[in-house]
Amino acid sequence: MALVAGIDSSTQSCKVVVCDSTTGKVVREGRAPHPDGTETHPHHWWSALGEASSGLFDDVAAVSVAGQQHGMVVVDEDGEVIRPALLWNDARSAGAAHDLVQELDGPKAWADAVGNVPVASFTVGKLRWFAEHEPELAARAHGVMLPHDWLTWRLGGARHQPTTDRGDASGTGYWSPAENTYRTDLLVRGFGRELEVPRVAAPAETVGHTPEGALIAPGTGDNMGAALGLGVRPGDVVVSLGTSGTVFAAHDRPTHDPTGTVCGFADATGGHLPLVCTLNAARVLSSAAAMLGTDLAGLDHLALGARPGSDGVVLLPYLDGERTPELPEATGSLHGLRRDNMTPANIARAAVEGMLCGLADGLAALSGQGVPTERVLLVGGGARSAAVRAIAPIVLGAPVVVPPAAEYVALGAARQAAWALSGEESPPVWTLGAPEESSTYDFEAGTELRERYARFRHTVHGV
């Protein structure tokens with residue numbers, strides 16, 4: 001039995017799974033925390049990986065890293081990191097991203113060029129901010145990597161050329177999924193001069209070996225890893241409820257959304273992964289529970305005791321601002337309150353419905369780009385909520401299934417490692433358990449509450 005390891009280096013922690021390369025069965029796993037914040041030195045990721053993988057890698061034949069997207073790791077000529085990495089959730093580059101959009105004749109020009117319209121999270125905007133605000137450090141920069149690129153490079157003892165993959169490269173703002181090439185002109189527009197960038201490896205290429213001899217696969221971004229771990233097929237749309245909320249799907253062609261709502265990413269298999277991201281997901285539930293003086297189980301109980309539509313109560317859940325729609329300064333707000341509907345149950349249900357309505361907007365945006373929806377796969381920490389599982393089919397207006405709880409990003413990385421190890425043309429088929437069927441959807445009730453949500457959103461925010 002050959003063993004493979006998958007690494008999920010996320011914003012909050014490092015998670016490692018060791019799997020049977022044929023079946024995908026997890027035989028060992030570990031985890032370690034990352035520092036909190038919106039910037040961190042990459043050495044913390046390396047230290048957490050060492051802690052999480054301690055004693056796990058001795059007999060592993062192949063390894064792969066799936067990492068948080070967009071982060072900016074800049075290195076000098078010797079490969080030394082010259083400043084803490086700016087993470088995807090660092091918003092100081094919002095102004096720089098806006099300037100870049102305008103400089104290239106607006107959003108459509110960016111969507112046509114790289115399938116994405118830069119926002120604060122994208123690497124190209126972070127490079128512009130870095131060049132403008134820290135010019136002395138920026139003058140030392142020789143190369144730029146993404147978090148997974150840097151970890152993959154370190155796993156090989158930094159003996160090989162830095163590499164990346166199509167999926168993670170497509171979130172930089174200077175690589176084109178449609179053309180499968182870097183847009184060096186956009187990198188220069190962002191930073192002011194050329195930087196060395198990682199070579200983009202093929203999906204199942206061997207990019208190096210660890211000092212112990214394990215094969216190193218290319219790795220990918222976290223959303224691409226999750227799609228690979230879930231075995232997403234055409235017609236599946238994944239709704240992931242973590243710190244942020246994401247809606248993404250496997251697609252056979254690149255997307256170009258000039259509104260910037262749909263990110264036209266590539267996936268980890270040679271295809272495409274159109275994606276919509278919201279800032280407010282599972283934390284809406286925990287915040288609502290705290291406001292109501294209960295816990296998540298209590299929030300479930302309250303929400304399930306209210307009728308669909310929460311008797312007209314609507315929560316706009318922009319507790320941390322919002323990325324989709326782009327409302328960085330927005331705050332959350334409750335609407336439609338009357339004396340007869342102002343109950344804990346209605347407010348609890350409105351929190352669940354409001355969070356899901358933001359993701360339903362993402363589902364509609366994918367449909368507008370020609371992405372079919374046959375069923376929704378509901379994953380992430382928020383999917384553990386009984387209220388979310390019951391209410392999601394109504395709000396999303398589609399059949400919903402809940403796959404077994406698992407570390408799907410790490411599993412996707414492990415599956416990629418198994419693919420590279422096998423030398424086959426396609427990744428191995430892993431069966432990880434039957435999904436839980438959720439409740440059926442109510443088209444009429446869902447349409448009504450989505451329309452009410454949209455009316456309040458437009459009244460308050462004009463979008």
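# Exercises on cavities, a pocket and a strand

The second largest pocket has a volume of about 490 Å³. Its lining is made up of 23 residues, and those nearest the centre are Thr259, Gly260, Thr261, Arg323 and Glu326. The model used in these exercises is predicted.

**Exercise 1.** Find which elements supply the lining of the second largest pocket, and give its make-up by class.

*Solution.* 
1. Two elements give two or more residues to this lining: helix H2 (94-103) and H12.
2. H2 has the largest share of the lining, with 5 residues.
3. Sorted by class, the lining has 13 nonpolar, 6 polar and 4 charged residues.

**Exercise 2.** State how many cavities of 30 Å³ or more the structure holds, then describe the lining of the largest cavity.

*Solution.* 
1. Rolling a probe the size of a water molecule over the atoms shows where empty space is left.
2. Searching the whole structure gives 3 cavities of 30 Å³ or more.
3. The largest cavity holds about 60 Å³ of space.
4. Around the largest cavity stand Gly309, Val313, Val314, Leu315, Ala350, Glu353, Gly354, Cys357, Leu449, Arg452 and Tyr453.
5. At least two lining residues come from each of strand S20 (314-316), helix H12 (344-368) and helix H15 (443-461).
6. H12 contributes the most, 4 residues.
7. The lining of the largest cavity divides into 7 nonpolar, 2 polar and 2 charged residues.

**Exercise 3.** Decide whether the residues of strand S17 are buried or exposed, and sort them by the way they point.

*Solution.* 
1. S17 covers residues 245-249.
2. A residue counts as buried when its relative accessible area is under 20%.
3. By that cut-off, 5 of the 5 residues of S17 are buried, and the strand is mostly covered.
4. In a regular strand the side chains alternate between the two faces of the sheet.
5. In S17, Gly245, Val247 and Ala249 point one way, while Thr246 and Phe248 point the other way.
6. The residues of both groups are buried.

**Exercise 4.** Name the strands that pair with S17, and find what stands across from valine 247.

*Solution.* 
1. Strand S16 (residues 236-241) pairs with S17 in the antiparallel sense, over 5 bridges.
2. The link from S16 to S17 is a hairpin of 3 residues.
3. Between these two strands, valine 239 has valine 247 of S17 as its bridge partner.
4. Strand S19 (residues 272-278) also pairs with S17 in the antiparallel sense, over 4 bridges.
5. In S19, valine 276 stands opposite valine 247.

How values were computed:
Residues are numbered from 1 along each chain as its sequence is written. This is a predicted model: local features need pLDDT of at least 70, side-chain atom pairs count only at pLDDT 80 or more; totals for chains, interfaces and linings use all residues. Side-chain values use heavy atoms; hydrogens and water are left out. On a 1 Å grid over the protein atoms alone, a cavity is a set of points where a 1.4 Å probe fits but cannot get out, and a pocket is an open set with protein on both sides within 12 Å along at least five of seven lines; lining residues have an atom within 4 Å of a point. Grid points are joined across faces, edges and corners, and a volume is the space filled by probe spheres set on the points. Ala, Val, Leu, Ile, Met, Phe, Trp, Tyr, Cys and Pro count as nonpolar, Asp, Glu, Lys and Arg as charged, and the others, Gly among them, as polar. Buried means under 20% relative accessible area, exposed over 50%, partly exposed in between (1.4 Å probe, protein chains only). Two strands pair if DSSP finds at least two bridges between them.
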